[in-house]
Amino acid sequence: MNEKQVGLLIISPMIIGTAVLMYRQQAMGLKSVAMIAVVVTGIAAYLFLNF
């Protein structure tokens with residue numbers, strides 16, 4: 001595993017966690033958080049498998 005893949009494994013949960021915290025503070029809707037989780041997971045999986 002190279003540095004780029006490790007970075008993806010670290011930053012992806014951080015982005016999703018930030019979205020969850022914003023939802024808990026009622027700054028975002030539930031649909032937005034779900035969309036962020038799906039998009040971030042998809043992009044991270046694509047980039048992880050192509051490095």
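**Figure 1. Secondary structure of the whole chain.** The chain has two helices and zero strands. The model is a predicted one. Helix H1 covers residues 3-24, and helix H2 covers residues 30-50. Computed along its principal axes, the C-alpha trace extends over about 35 × 15 × 10 Å. The chain has 51 residues, and 16% of them count as buried. Its accessible surface is about 4,000 Å², with 70% of that area belonging to carbon and sulfur atoms.

**Figure 2. Packing of H1 against H2.** Two packed helices are described by the angle between their axes and by the distance between those axes. For H1 and H2 the angle is about 175° and the axes lie 9 Å apart. An angle over 145 degrees counts as roughly antiparallel, so H1 and H2 are roughly antiparallel to each other. On the H1 side, the contact is made by Gln-5, Leu-8, Leu-9, Ser-12, Ile-15, Ile-16, Ala-19, Val-20 and Tyr-23. On the H2 side, the contributing residues are Leu-30, Val-33, Ile-36, Ala-37, Val-40, Thr-41, Ala-44, Leu-47 and Phe-48.

Figure 3. Gln-5 is a residue of helix H1. With a relative accessibility of 11%, Gln-5 counts as buried, because the cut-off for buried is under 20%. When neighbours within four places in sequence are left aside, Gln-5 is in contact with Phe-48 and Phe-51. Gln-5 and Phe-48 both belong to the contact between the two helices.

**Figure 4. Surroundings of Ser-12.** Ser-12 is also placed in helix H1. Its relative accessible area is 12%, so Ser-12 is buried. Not counting residues up to four places away in sequence, Ser-12 touches Val-40 and Ala-44.

Figure 5. The patch has an area of about 680 Å². Its members are Met-1, Val-6, Leu-9, Ile-10, Ile-11, Met-14 and Ile-15. One of them, Leu-9, is found in helix H1.

Figure 6. Thr-18 lies in helix H1. Its relative accessible area of 42% makes Thr-18 partly exposed, since this class runs between the cut-offs of 20% and 50%. Thr-18 and Val-33 are separated by 15 residues in sequence, and their C-alpha atoms are 9.4 Å apart in space.

**Figure 7. Surroundings of Tyr-23.** Tyr-23 has its place in helix H1. At 37% relative accessibility, Tyr-23 is counted as partly exposed. Apart from neighbours within four places in sequence, Tyr-23 is in contact with Met-28, Gly-29, Leu-30 and Val-33. Tyr-23 and Ile-36 are 13 residues apart along the chain, and 11 Å separates their C-alpha atoms.

**Figure 8. Gln-26 in the loop.** Gln-26 sits in the loop between H1 and H2. Gln-26 is not a glycine, yet its phi is positive, at about 60°. With 71% relative accessibility, Gln-26 counts as exposed, because the cut-off for exposed is over 50%.

Definitions and conventions:
Residues numbered from 1 in each chain as written. Predicted model: local features only at pLDDT ≥ 70, side-chain atom pairs only at ≥ 80, totals over all residues. Heavy atoms only, no water. Helix = DSSP H or I, 4+ residues; strand = E, 2+ residues; numbered from the N terminus. Buried < 20%, exposed > 50% of the residue type's maximum accessible area, 1.4 Å probe, protein only. Contact = heavy atoms within 4.5 Å. Patch = residues over 30% accessible without salt bridge, like charges linked within 9 Å, V, L, I, M, F, W, Y side chains within 5 Å. Areas by Shrake-Rupley, 256 points an atom, 1.4 Å probe, with all protein chains shown as cover. Salt bridge = Lys/Arg side-chain N within 4 Å of Asp/Glu carboxyl O. Axes fitted to C-alpha atoms, helices over the stretch in contact; angles between N-to-C directions. Parallel < 35°, antiparallel > 145°, perpendicular 65-115°, else oblique.
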